[in-house]
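I opened the model today to look up a few annotated positions and a helix. My notes follow.

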Amino acid sequence: EPKPSIVGTGAYLPAKVLRNSDLESMVDTSDRWIVERTGIQERRIAAEKECPSDMGTAAALMALERAGLTPEDLDLIIVATTTADTLFPSTACQIQQKIGARKVPAFDLQAACSGFLYGLVMAHHLVALGTYRTILVVGAEKLSSIVNWSDRNTCVLFGDGAGAVIIQQSATGGRLLAHDLGADGSQGQVLTVPAGGSRLPITAENVGEGLQFIQMVGKTVFRLAIDAMESTARTCLNKVGLPVDKVDYVIPHQANMRIIELLATRLDLPLKRFFIHLERYGNTSAACIPIALHEALTAGNIQPGEKILLIAFGGGLTWASALLEW
Ligand code: ACO
């Protein structure tokens, strides 16, 4: 019986690889520190003129092709990003134009690293309601543009990339069984880009203080991330009464290997059930989960009938989880 389903996935990673050894010559750090404290070995960095709309376009076209669809089939475009090409026009409008879609609604969604799952849940429900038939959801980020390359506390963590999914009614594909979305604005200050919005515009003074870059209280974010990811996962599974050990595969946000390991311990699941790519890409924020989903599907890690739990956490603070069945 047809249900709203993920019928195609795509991913794009920029060609340029930045290794930990490259960072050793940029800031006071070491490959050993980065690997031990984060698990990250390298990350991809977009070319100077390569923007989230370009990376998102490549991922979207791949997802459409894998779904056997064309851009004209799309009825709605949602792009999750914290590093939009421009404040406006939205990255979604630029992707609409670049892929050659019709003049369908297109908008950006900002929920930091949780943005893709927010978009995925919205898209499933809009298709279920019959409001739109075929929806493109993209996560695309150029975090290298908001990273302070002289701050060793943050510059080792992030990377660039894009992932995309297509959702429409189908008898096959990934279906949403349950979800949990949440946010806590009272804790927002632990992970911010203070300047570049209307509160602190891009002025020489603000730029001089580096306020256009990511500011993060790493230890606090680490602790809050584990608590939020465990709790959103349990809330999501409780909605359908699924015991944690019945989850076949977990795709967690890829911020830090130690966060993923602790999450596995807290959920009492073996680490081998977790998809991990952070050693290759670092934290790509809203792009990380759709890239991981695409990689897991194309690597054959997800089989028909399996239950997959996606778990995100990010600035806002925001968190999200989605239980899918393939
Ligand atoms: N190289 C070498 N030393 C470093 C580096 C580095 N790259 N970065 C920090 N250090 C130093 C610190 O200055 C500190 O030195 P000090 O003790 O002399 O002050 C020391 O290493 C230890 O620093 P800690 O902050 O205690 O290191 P910790 O083990 O907490 O790891 C990290 C830091 C990796 C940032 C960790 O806290 C973390 O991953 N936090 C969560 C980050 C995260 O998830 N962010 C994003 C989530 S949401 C989103 O994706 C936008």
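**Notebook: annotated positions and a helix**

I note that H253 is buried, because 29 other C-beta atoms lie within 10 Å and 20 or more is enough to count as buried. The model I am reading is a predicted one.

I checked where H253 sits: in the loop between β11 (249–252) and α9 (257–267). Leaving aside neighbours within four places in sequence, I found H253 in contact with C113, C288, I289, I311, A312, F313 and G314.

I then looked up the record. UniProt, in an unreviewed entry, lists C113, H253 and N283 under "active site". These residues span 171 residues in sequence, yet no two of their C-alpha atoms are more than 9.0 Å apart, so they gather at one spot.

Next I turned to C113. I located C113 in the loop between β5 (106–109) and α5 (115–129). Is C113 buried or exposed? C113 is buried, with 31 other C-beta atoms within 10 Å. Outside the four places on either side in sequence, the contacts of C113 include H253, S285, A286 and C288. A312, F313, G314 and G315 are also in contact with C113.

Last, I checked helix α8 (residues 218–239). At 1.5 Å a residue, its 22 residues should span 32 Å, and the end C-alpha atoms are 31 Å apart, which agrees. I listed the buried residues of α8: V221, A225, I226, A228, M229, T232, A233, C236 and L237. After α8 comes G241, and I noted that its phi is positive, near 65°.

How values were computed
Residues are numbered from 1 along each chain as its sequence is written. This is a predicted model: local features need pLDDT of at least 70, side-chain atom pairs count only at pLDDT 80 or more; totals for chains, interfaces and linings use all residues. UniProt positions are given in the numbering used here, feature names are shortened, and annotations may be inferred rather than shown by experiment. Helices (H or I, at least four residues) and strands (E, at least two) are DSSP runs, numbered from the N terminus. A residue is buried if 20 or more other C-beta atoms lie within 10 Å of its own, exposed if 12 or fewer, and partly exposed in between; C-beta atoms are placed from the backbone. Two residues are in contact if their C-beta atoms, placed from the backbone, lie within 7 Å. The expected span of a helix is 1.5 Å times one less than its number of residues.
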